[in-house]
Amino acid sequence: MELPMTADERKSVVNRLRRAQGQIAGIIRMIEEGRDCEDVVTQLSAASRALDRAGFAIIASGLQHCMSEQDPLLAGDREETRSRLEKLFLSLA
């Protein structure tokens, strides 16, 4: 099943995932170089947040799509609804 995302939504998620990918590569280098534990943990936390945000954006887009299919009144402002759903999920994280 294809993800129900607009081109802008897909671009945003891919950018977040690429950011996380870069952070993870940096973490690997830090560990290989024997860097400070606190620095490594800080970067792990940042990468985890980037992955969480990408996941929540995907969930929010999918849920918004399902809601708009079910109730045409909710389909009015797609970006606002998607943004509100994403913020709701992020508040639970």
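Predicted model: local features only at pLDDT ≥ 70, side-chain atom pairs only at ≥ 80, totals over all residues.
Me: Which helix is glycine 55 in?
Reply: Glycine 55 belongs to helix 2, which covers residues 37-70.

Me: And how far is glycine 55 from leucine 17?
Reply: Their C-alpha atoms are 9.2 Å apart, while 38 residues separate glycine 55 and leucine 17 along the chain.

Me: Switching to arginine 16, where is that one, and is it buried or exposed?
Reply: Arginine 16 sits in helix 1. It counts as buried because its relative accessible area is 14%, under the 20% cut-off.

Me: What does arginine 16 touch?
Reply: Leaving out residues up to four places away in sequence, arginine 16 touches Ala50, Arg53, Ala54, Ala57 and Glu86. With arginine 53 there is also a polar pair: a polar atom of the arginine 16 side chain lies 3.2 Å from the backbone oxygen of arginine 53.

Me: Which other residues of helix 1 are buried?
Reply: Besides Arg16, the buried residues of helix 1 are Glu9, Val13, Ala20, Gln23, Gly26, Ile27 and Met30.

Me: What span does helix 1 have, and what follows it?
Reply: Helix 1 has 26 residues (7-32) and reaches 37 Å from first C-alpha to last, close to the expected 38 Å. Glycine 34 follows helix 1, with a positive phi near 70 degrees.

Me: Where is confidence highest and lowest?
Reply: Helix 1 is highest, with a mean of 92, and helix 3 (residues 78-92) is lowest, at 71. For the protein, the mean pLDDT is 80, with 74% of residues at 70 or more.

Technical notes. Residues numbered from 1 in each chain as written. Heavy atoms only, no water. Helix = DSSP H or I, 4+ residues; strand = E, 2+ residues; numbered from the N terminus. Expected span 1.5 Å × (residues − 1). Buried < 20%, exposed > 50% of the residue type's maximum accessible area, 1.4 Å probe, protein only. pLDDT = per-residue confidence, 0-100. Polar contact = N/O pair within 3.5 Å; in protein donor to acceptor, adjacent residues only side chain to side chain. Contact = heavy atoms within 4.5 Å.
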